[in-house]
Amino acid sequence: MPTFTTYDGTELAYRMQGEGEPLICLPGGPMRDAAYLGDLGGLAAHRTLIVLDSRGTGASAEPVDPGTYRCDRQVGDVEALRAHLGLERIDLLGHSAAGNLATLYAAAHPERVRSLVLVTSNGWALGLGTTDEEWDEAVEVFADRPWYAEARAGLATIGPDTPLPRVLEIVAPFGYGRWDEAAQEHAATAEKEIRWEAASAYHGEGAYEPEATRRALTALTAPVLILAGEYDAGPTPARAAEIAACFPDAELVVQPGAGHFPWVDDADAFVRPIAAFLDPEVRTVTVDGVRLAYRVHGPEDAPPVVLVHGRGENGTGWRGVTEELAADHRVYALDLRGHGLSDHPGRYGFEDLRDELGGFLRALGLAGATVVAHSMGGAAAYLLAQREPALIGRLVLEEAPAFFPLDPARPVAERPDGRLAFDWEVVTTTDAQLNAPDPAWREGLTAITAPTLVLAGGPSSHVPQDHLTWLAERIPGARLVTIDAGHLIHASRPDEFLSAIREFGL
């Protein structure tokens, strides 16, 4: 492992994992071997994780002065790591107790922080820690779990003389959204990973001056993401909201069904909002409680174009088209629910996608924009165009289904093994609707007033081309253009795709 020497001569170790821009990660515990963070649920696929072993833990050396285990005394370690890495500004993530260290670092060196992520971090540094009474009340959320009665009885045995490892063992089930095998395996390593004498000193007297820290944070211009677990007792989502309010530019995300270790409970749900937050090209907006990611390119005052992907894809699939259109348009490439870096809410009917697209246009003030949409996204777009004609100025439908019942019907698809880039429930839900679509979806086509271009992919496409002909004939004034490219015209034949939509008036 690489090492560096910090301000007091202690040699500290860190590991590097992943690819992309560096993200410095501080482990909690407090004073727990950073191994418990793993790759943070796959976050290493988006960033290079620089995971610090706190002094006296993991591969890092013990300090000469045990007093330096105190949280505020470790701010210098973070600054020494930044300098060692040669980074002018850093993206910084702190979990649990280390969120206090990250907060103190941001207060002491606001000019060095490019972005800050606090994961299920109690707010002792801000005077917003969780009391024992609040914790006891919060864990009642687990009252219907089969393990609760025994675990609750264990809490009653904790006293001032109870060894800290035993306390940790008793409270462990309350730290996870699901006390399943994966959670139990993760919790089982904690006793050996925590340096207990250092943990006792971490929050020691004098570590925090909340009022001074709050004042110092007013100079922080970097964006902050506060990620809380829905079932976490320290901090609760309500307390996390109070913590967020202490920063000039903070966003709160509450991960559904998660506890104190959200990447263990649901790795994908953990990674998506953090990856979106850290990506400078990605913005987010919440529509009906669903957090949607999107990318924007082109001049701010140019005519807007919204690109809507098909099933299993995301906004990055439009990259070549985006670069070309951004020369004279303001281009918005959306990740629909269940795809890319957007939330996975578990509802994926075509009506949900229609309403989501409408909410996105309204939220960003894009009424009257041109909408270019592929396949599933195209179906959502024309359902919106027939329901709210004023929201869409011009409409391009690339290989969109015409909602004739499938014959033969599609059987229930089997989910592939491994991690997917989208929620598999999208497939099962939309397949069921394609097998037996609402007849009103076809009947409403005559209500579309937006000038419409229907793009067909020719005989190599799996979409019946006569359905696309019918679709173009049904929409008043629609134009049909066939490009022999298969279903993904914009990816297979981007020049011809762009030529066709340019001729249409873009």
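Let's start with His84, which is partly exposed at 38% relative accessibility; that label sits between buried, under 20% relative accessible area, and exposed, over 50%, using a 1.4 Å probe and protein chains only. Before I go on, this is a predicted model, so local features need pLDDT of at least 70, side-chain atom pairs count only at pLDDT 80 or more, and totals for chains, interfaces and linings use all residues. Residues are numbered from 1 along each chain as its sequence is written, and side-chain values use heavy atoms, with hydrogens and water left out.

Back to our histidine. His84 belongs to helix 1; helices here are DSSP runs of H or I with at least four residues, strands are E runs of at least two, and both are numbered from the N terminus. Leaving aside residues up to four places away in sequence, His84 touches Thr3, Phe4 and Tyr14, where contact means heavy atoms within 4.5 Å. With Tyr14 there is a side-chain polar contact of 2.9 Å. By that I mean a pair of N or O atoms within 3.5 Å; within protein, one must be able to donate a hydrogen and the other to accept it, and residues adjacent in sequence count only if both atoms are side-chain atoms. As for Phe4, its C-alpha atom is 6.8 Å from that of His84, although the two are 80 residues apart along the chain.

Phe4 takes us to the sheet. The bridge partner of Phe4 in strand 2 is Leu12. Strands 1 and 2 run antiparallel and are joined by three bridges; two strands pair if DSSP finds at least two bridges between them. They belong to an open sheet of eight strands, in the order 1-2-4-3-5-6-7-8, with mixed pairing. Its edges are strand 1 (3-5) and strand 8 (250-255), each pairing on one side only. From one strand to the next, the twist averages 25°.

What lies across strands 3, 5 and 6? That is helix 2 (residues 98-108), running at about 150° to strand 5. Helix 10 (residues 237-244) also packs on the sheet, touching strands 7 and 8, and its direction makes about 170° with that of strand 7. For these angles, axes are lines fitted to C-alpha atoms, for helices over the stretch in contact, and the values run from 0 to 180 degrees between N-to-C directions.

Now, charges. How many salt bridges are there? The count comes to 29, taking a salt bridge as a side-chain nitrogen of Lys or Arg within 4 Å of a carboxyl oxygen of Asp or Glu. One of them joins Asp77 and Arg55 at 2.8 Å, N to O. Asp77 lies in helix 1 and Arg55 in the loop between strand 4 and helix 1, so this pair ties together parts that are 22 residues apart in sequence. Both residues are buried.

Another pairs Asp335 with Arg295, with the closest N and O atoms 3.5 Å apart. Asp335 sits in the loop between strand 12 and helix 14, and Arg295 in strand 10, so parts 40 residues apart in sequence are tied together. Asp335 is buried at 0% relative accessibility, and Arg295 is buried at 9%.

Asp65 and Arg73 also form a salt bridge, at 3.3 Å between the closest N and O atoms. Here Asp65 is partly exposed at 36%, as is Arg73 at 30%. Finally, Glu21, Arg47, Asp91 and Arg114 are linked in a salt-bridge network.
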